[in-house]
Amino acid sequence: MTDAPQIARVGVSGVLVTFGDTLTEQANLAAVAFRAEVDAQGWPEVQETASTLVSTFLVVDLIVVEYQDIFARLSALLDSYDWRTAALPAGRKLWTLPVCFDPDVAPQLEDAARVAGVTVKEALAHFEAARTRVITLGFAPGQPYLGMLPDQWDLPRQANLIPRVPIGALVIAVRQFVLFATSAPTGWRHVGQTAFRPFDPARDVPVVLSPGDEVRFARITASELAELEAKDSLGGAEWSLLP
Amino acid sequence: MTPALEILDAGPAMTLQDLGRAGQLASGLTRGGAMDRLALHEAAALLSQPIKAALEMVGLGGTFKASADTRIALTGAPMAATIDKEPVSWHGSHLLPAGSVLMIGGVKSGAIGYLSVGGGFASPETMGARSAHLVAGIGSTCVAGQTLLLGRDMGGNTDMVLHPDNRFTGGEIGITTSIQTHLFGEPELERFVKTTFVRDARANRQGIRMNPDCTGFSAAGALKVVSEIIVPGDIQITGDGAPYVLMCESQSTGGYPRIATVLPSDIPRVAQTPLGAGLRFRLYSFQEAVAREAKARAEVARLRTRVVSRVREPHTIADLLAYTLVSGVVSATDDPFEGKA
């Protein structure tokens, strides 16, 4: 792929604007910012939008909307600005999420530290100091991909899947954390546990995180985790608006 | 008292489904909704009402009792059905009298049947829809002992019939190219459309596996593909080379490459392909695909004009012998379609 953003047709049901063929900070920021710009345009043909790791997706009914027309408008919008230098959208939040790293609920923390070449203590210091960004929500509803961590944490996915991690599991691989929104199998390493449910259809706002939001972790004990789990589905998560 | 439908017995995979929840992709929530959306359109036409949530029954139906006279429509894959032990026909509407028992058995062809009611089911909505989205944890499967409240029926005919297309035996599935088709290259795509597939047992609301009659398929650099948006109908090629057609409850993004995407109007046919049935994929250019979809939509819009009154069933006609039932003679053994030159 060249450096230029690519516009492509998604079957007959949408259009994808891609900013890179590998996940980079720059491509992800461009995807988030370009989605905000498309939303701001308010084109009636666009039924909904989403940003993925490196792309902006537009749901457009290509049975009734001329693809060439939407292609031309997207090209013009892409040319109007260097999206790779885009600032993050306004209204972003900084979240503080309580996480328990006790071995009982973080069964692969030791293994993850070993693969990364650090002690468990050092790993925890890294995690607590890390300020990650919601790169995208996806796979399961509300499920955040948080990145990017330093190269040291470019851990490969495990060939043997963990049969099932619980909701709220914090897992790590390929310089990212994922905070599980459902109980599911994974090839990522389970290094922490939250009482936070990324998706709760019964909550006033079922999905509280947005792409671009930033997240840091606050270490809690197993008993504090149990208390938060008993309380509500936010798991003690708190936020403030980013300037 | 609000009318209700009591579930006396339920097959293993019965859920309430409407057209699902659009507008949530940014949160990673896929649309969900009925696997065979056409069956909901057919039910709406039969009951002369807007599209409402129906009971989606995979493979096997259930036993039901209504608390008040209720209009019902049976659409999608034909299943054996009786009201108070009297057989009733599929692809039609009936009156289910208060206290009568509706029994729905296994599928005769196809895979998924739908039970709709006049006025629709009135269970509470979650995020703007009544569809269960099991993967997301919205709603759950229906079980025996459950009672579903019914909405107010604005009234209309019963004993109406709508003969469906034949989407219940596999066959040809229309596809078109999408964002990752180029990763496979021309020869692999050509081989794909020449291959006959058999629907595998691994199938649910997330996806349906199709087994090729030859070696599996592969894309260059498949392991390095960045996870990307999924739309219903995308044909994902997993590690062993067999395709999965991703359905309405798939994950929102995925890292396995996708060779093509099923045209929306052919997704009901994929959903209704029974276990073990054969199918092939036919590639349409984008222009052809658009024309084909426009035509399919026009047909859906015309469904109401195809609804007809059911011809009275002979055993219910008291003065049966007064009718001239036979004129001319047909052979029971000759094949009328066989040419006799």
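What share of the contacts in chain A with a separation of 6 or more is accounted for by residues 24 or more positions apart? The figure is 65%, where a contact means that two C-beta atoms, placed from the backbone, lie within 7 Å. This is a predicted model, in which local features need pLDDT of at least 70 and side-chain atom pairs count only at pLDDT 80 or more, while totals for chains, interfaces and linings use all residues. Residues are numbered from 1 along each chain as its sequence is written, and chains are lettered from A and ligands numbered from 1 in the order in which they are written.

Chain A contains 5 helices and 14 strands; helices (H or I, at least four residues) and strands (E, at least two) are DSSP runs numbered from the N terminus. Its radius of gyration is 19 Å, close to the 18 Å that the globule rule gives for 243 residues, so chain A is as compact as a globular protein of that length. That radius is taken over C-alpha atoms, and the rule is 2.2 Å times the number of residues to the power 0.38. The C-alpha trace of chain A spans about 55 × 40 × 35 Å along its principal axes. Of the 243 residues in chain A, 48% are buried. A residue is buried if 20 or more other C-beta atoms lie within 10 Å of its own, exposed if 12 or fewer, and partly exposed in between, with C-beta atoms placed from the backbone.

Chain A is divided into domain 1 (6-85) and domain 2 (93-241), with bounds that come from an automatic or database domain assignment. The centres of these two domains, taken over C-alpha atoms, are separated by 29 Å. Where the domains of chain A touch, 6 residues of domain 1 are in contact with 6 residues of domain 2. On the domain 1 side, helix H1 (residues 25-41) of chain A gives the most, with 3 residues. That side divides into 2 nonpolar, 3 polar and 1 charged. Here Ala, Val, Leu, Ile, Met, Phe, Trp, Tyr, Cys and Pro count as nonpolar, Asp, Glu, Lys and Arg as charged, and the others, Gly among them, as polar.

The contact between the chains takes 35 residues from chain A and 34 residues from chain B. On the side of chain B that touches chain A, strand S16 (228-229) and helix H4 (286-301) of chain B each supply at least two residues. The largest share of that side, 6 residues, comes from H4(B). By class, the chain B side has 18 nonpolar, 13 polar and 3 charged residues.

The largest nonpolar core has 155 residues; such a core is a set of buried Ala, Val, Leu, Ile, Met, Phe, Trp, Tyr and Cys residues joined through C-beta atoms within 7 Å. H1(A) gives the largest share of this core, 8 residues. The residues with the most contacts inside the core are A:Val171, B:Ala43 and B:Val245. Leaving aside neighbours within four places in sequence, B:Val245 is in contact with residues including B:Gly207, B:Ile208, B:Val262 and B:Val270.

Some backbone details remain. A cis peptide bond, with omega about -15°, joins A:Gly147 and A:Met148. A:Met148 is in the loop between strand S7 (144-147) and strand S8 (162-165) of chain A. In chain B, B:Lys85 is not a glycine but has a positive phi of about 70°. B:Lys85 lies in the loop between strand S6 (79-83) and strand S7 (86-88) of chain B, and counts as exposed because it has 8 C-beta neighbours inside 10 Å.
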